[in-house]
Amino acid sequence: SHAKEILHCLKEKYFRELQDLEVDGQKVEMPQSLSWYPEELAWHTNLSRKILRKSPQLEKFHQFLVSETECGNISRQEAVSMIPPLLLNVNPHHKILDMCAAPGSKTAQLIEMLHADMNVPFPKGFVIANDVDNKRCYLLVHQAKRLNSPCVMVVNHDASSIPNLQIDVDGRKEVLFYDRILCDVPCSGDGTMRKNIDVWKKWTTQNSLQLHGLQLRIATRGVEQLAEGGRMVYSTCSLNPIENEAVIASLLEKSQGALELADVSSELPGLKRMPGITKWKVMLKDGQWFEEWKDVPSNRQTQIRPTMFPIEDEEKLKAMNLERCLRILPHHQNTGGFFVAVLIKKSPMPWNKRQPKVHQKLAQRTGDTEVTAANSDNGSKCITEERALAENEESKKMQELQNSDTEQSKKEGVCGPPPSKKMKLFGFKEDPFVFLPEDDPLFLPIQKFYALDPSFPKMNLLTRTQEGKKRQLYMVSKELRNVLLNNSEKMKVINTGIKVWSRNSDGEQFGCAFRLAQEGIYTLYPFIHARIINVCIEDVKILLTQENPFLSKFSSETQKKVKDMAMGSIVLKYDPDPEKPDDLQCPIVLCGWQGKTSLRAFVPKNERLHYLRMMGVEVFKAKRKEEESESKTAEEVQHRLAQTEEGMDVEDKEHDLVTKMEAEIGEESSRSPVESSAMEVENKIEDLDQSSKNANNHVSQENDNTDTSNVKD
């Protein structure tokens with residue numbers, strides 16, 4: 001619903017302002033929508049980065065793009081790289097693996113497709129986004145975080161040997177197979193030659209020869225983990241057949257009919273494309289060409305492999321339908337060069353066909369024992385466990401190895417980092433993911449204060465601390481909880497979950513030590529039955545443009561609702577009025593705080609600007625006001641009591657009186673009921689950050705939630 005509002009805003013406001021605009025004597029070209037992207041949700045501009053950043057006439061448009069990108073409402077991305085997620089045909093119930101996900105633009109598209117229905121807070125599907133590079137994983141986290149989804153997990157593995165995960169299905173362990181897999185493999189990148197000058201300097205045929213083996217291994221690992229009937233999209237930003245058709249042909253050949261290329265010619269109408277090719281030659285760095293494997297001299301057979309050549313058997317080749325691959329050339333529609341192939345899995349891979357029977361029995365047995373171990377009380381060992389282990393000596397040994405380290409942590413719902421012996425992993429050491437126990441005393445006051453629905457999945461709440469005070473509470477979907485609990489020993493999880501509550505020491509005196517976090521409010525809102533205030537559009541404007549407005553500034557309906565409510569964290573909800581089509585037509589849910597005499601919104605700065613833009617408020621001016629107020633705030637706090645300007649109205653006098661009284665009795669100023677405690681929490685978090693390097697991915701900074709002027713105050 002927000003996407004439609006942004007599109008309306010772009011067309012009606014920003015694009016109109018670009019009409020007849022000249023920069024450096026040249027007329028600015030209007031942005032165009034990509035004809036093949038559904039519902040006009042993708043647009044293209046020819047404005048260079050330099051012009052966008054430097055031209056004063058384009059400053060407003062540039063600021064809009066940057067701010068909305070920060071919020072996650074806009075993603076800036078190479079046009080052709082938007083194609084693979086669209087061809088995956090994702091539904092909200094699909095389990096999705098993104099094998100080489102960083103920097104995360106395609107992952108963001110997948111998350112968006114999972115949440116096609118905004119009224120479903122927890123879609124049944126999820127996205128596991130993987131990357132081999134630890135540092136790039138944090139870039140991936142940053143991208144995914146903008147979309148505030150409880151259904152995403154970022155993991156750090158080599159895609160060619162990503163482990164089989166297990167999930168618990170009715171008390172039985174089963175291997176997790178994915179419904180959709182995106183396999184956007186590392187490539188030579190020669191399709192980016194128009195924008196990437198390095199390609200011209202560094203390109204050699206050697207690049208493709210070196211990458212072919214890795215690409216084939218990653219694609220093979222992908223199809224192994226694909227469910228029957230599932231779809232895998234293989235893509236590269238290269239035009240070299242050795243990285244493209246050669247990989248697909250080799251995969252199809254060794255699948256022995258288990259895979260087929262999908263015909264996607266009718267999908268994405270408007271996208272200009274060429275069919276895949278069936279004949280190509282292989283060239284060495286020194287310019288030597290080879291048409292067949294048998295021509296390759298033995299001293300070159302380590303560089304050139306048989307899988308790099310076209311299939312010789314004409315019938316086999318015809319049956320593969322390689323022409324169903326998509327080749328997108330740069331001059332077709334002013335994009336980068338790109339290759340895409342859509343594979344469908346019809347049956348298990350031939351080398352996997354026999355395994356499941358043996359594997360399943362063992363998996364069931366280990367599943368039973370682990371589940372009983374997890375459910376048994378701390379004091380007693382289950383008899384079932386002993387019986388199951390005694391059944392078979394071999395399975396006993398395996399079971400002991402598997403369970404010895406993880407049994408205790410399973411009981412406690414702790415998903416720690418994997419053992420370092422199994423994998424050579426570099427990068428930050430991650431904190432464990434600790435699920436809240438069912439009887440955790442922490443949850444009861446939260447449940448009572450916000451009148452949470454009985455259906456609220458409290459088992460899905462987690463923290464990143466095993467000991468000490470829990471400062472933040474995060475939420476994952478039920479399906480991801482299942483994945484986390486059953487695979488902690490074999491998987492390096494970088495990040496998962498969405499922040500839903502933050503500890504706030506002020507809140508304790510009002511009955512709840514945790515305030516709502518804006519990131520998770522759309523996930524939490526359906527379960528909250530108390531402390532909700534429905535506000536009109538004028539109230540929303542006041543909340544988002546004024547720092548800490550008095551209650552008297554709000555509509556009489558809002559004042560009545562607030563009157564009987566205790567101080568503390570609240571939900572502010574705006575519902576659109578269909579009879580007023582000029583007003584904002586998408587619902588808004590904001591986190592707020594009710595003080596003694598004031599009401600305020602706890603919303604990150606860019607999100608504030610987003611909502612104001614959607615309501616037609618000129619944020620350019622609002623931003624200047626904010627900047628001025630920032631510089632004045634420190635002086636105001638010190639001198640306000642002494643100053644009494646002649647034109648001061650009654651409200652300001654009342655405000656000063658309240659400030660003075662509360663200062664005298666040692667309380668915090670009514671002007672800022674939560675900032676100081678937010679600052680205390682923030683300072684402590686910062687201390688923690690320095691001692692543990694991983695905090696840049698999960699502990700989101702509070703001063704993003706309270707814009708800079710609030711923190712200063």
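## Aromatic pairs

The chain contains twelve aromatic pairs, where rings of Phe, Tyr and Trp (its six-membered ring) pair if their centres lie within 6.5 Å, and planes under 30 degrees apart count as stacked, over 60 as edge-to-face and the rest as tilted. The rings of Phe122 and Phe527 have centres 6.1 Å apart and planes at 40°, so this pair is tilted. Distant parts of the chain are linked by the pair: Phe122 lies in the loop between α5 and β6 (126–130), Phe527 lies in the loop between α18 (521–524) and β25 (532–534), and the two are 405 residues apart. Helices (H or I, at least four residues) and strands (E, at least two) are DSSP runs, numbered from the N terminus. Phe122 is buried, at a relative accessible area of 17%, and Phe527 is buried at 10%; buried means under 20% relative accessible area, exposed over 50%, and partly exposed in between (1.4 Å probe, protein chains only).

The rings of Tyr450 and Trp501 have their centres 6.0 Å apart and their planes at 35°, so they too form a tilted pair. Tyr450 is in the loop between α16 (443–449) and β20 (461–463) and Trp501 is in strand β23 (residues 498–503), so the pair ties together parts that are 51 residues apart in sequence. Tyr450 is buried, with a relative accessible area of 0%, and Trp501 is likewise buried at 0%. Ring pairs join Phe122, Phe443, Phe449, Tyr450, Phe456, Trp501 and Phe527 into a cluster.

## Basis of the model

The model is predicted: local features need pLDDT of at least 70, and side-chain atom pairs count only at pLDDT 80 or more, while totals for chains, interfaces and linings use all residues. Residues are numbered from 1 along each chain as its sequence is written, and side-chain values use heavy atoms, with hydrogens and water left out.

## Charges over rings

Two arginine side chains are placed over phenylalanine rings. The charged end of Arg464 sits over the ring of Phe433, at 3.9 Å from the ring centre. For Arg481, the charged end sits over the ring of Phe435, 4.9 Å from its centre. A charge sits over a ring if NZ of Lys or CZ of Arg is within 6 Å of the ring centre and within 35 degrees of the ring normal.

## The annotated binding site

The unreviewed UniProt entry places the feature "binding site" at Cys100, Ala101, Ala102, Pro103, Gly104, Ser105, Lys106, Asp131, Asp158 and Asp184. UniProt positions are given in the numbering used here, feature names are shortened, and annotations may be inferred rather than shown by experiment.

Ser105 belongs to helix α5 (residues 105–114) and is buried, with a relative accessible area of 16%. Not counting residues up to four places away in sequence, Ser105 touches Arg76, Gln77 and Gln143, a contact being heavy atoms within 4.5 Å. Lys106 also lies in helix α5 and is buried at a relative accessible area of 12%. With residues up to four places away again left out, Lys106 touches Gln77, Ser81, Pro84, Pro85, Asp98, Leu182, Asp184 and Phe338.

## Strand β26 and its partners

Seven of the seven residues of strand β26 (residues 568–574) are buried, so this strand is largely enclosed by the rest of the structure. Two strands pair if DSSP finds at least two bridges between them. β25 pairs with β26 in the parallel sense over three bridges, and Asn534 stands opposite Lys573 in β26. Between β26 and strand β27 (residues 588–594) the pairing is antiparallel, over seven bridges. Here Lys573 stands opposite Val589 in β27.

## Leu18 in helix α1

Leu18 is located in helix α1 (residues 2–18) and is buried at 2% relative accessibility. Leu18 touches Val28, Met30, Pro31, Leu58 and Phe61, not counting residues up to four places away in sequence. Leu18 and Phe61 are 43 residues apart in sequence, with their C-alpha atoms 8.6 Å apart in space.

## The chain as a whole

The secondary structure comprises 26 helices and 28 strands. Of the 713 residues of the chain, 53% count as buried. Among contacts between residues at least 6 apart in sequence, 74% join residues at least 24 apart. The chain exposes about 34600 Å², of which carbon and sulfur atoms supply 51%; accessible areas come from the Shrake-Rupley method with a 1.4 Å probe, and for residues only the protein chains shown count as cover.
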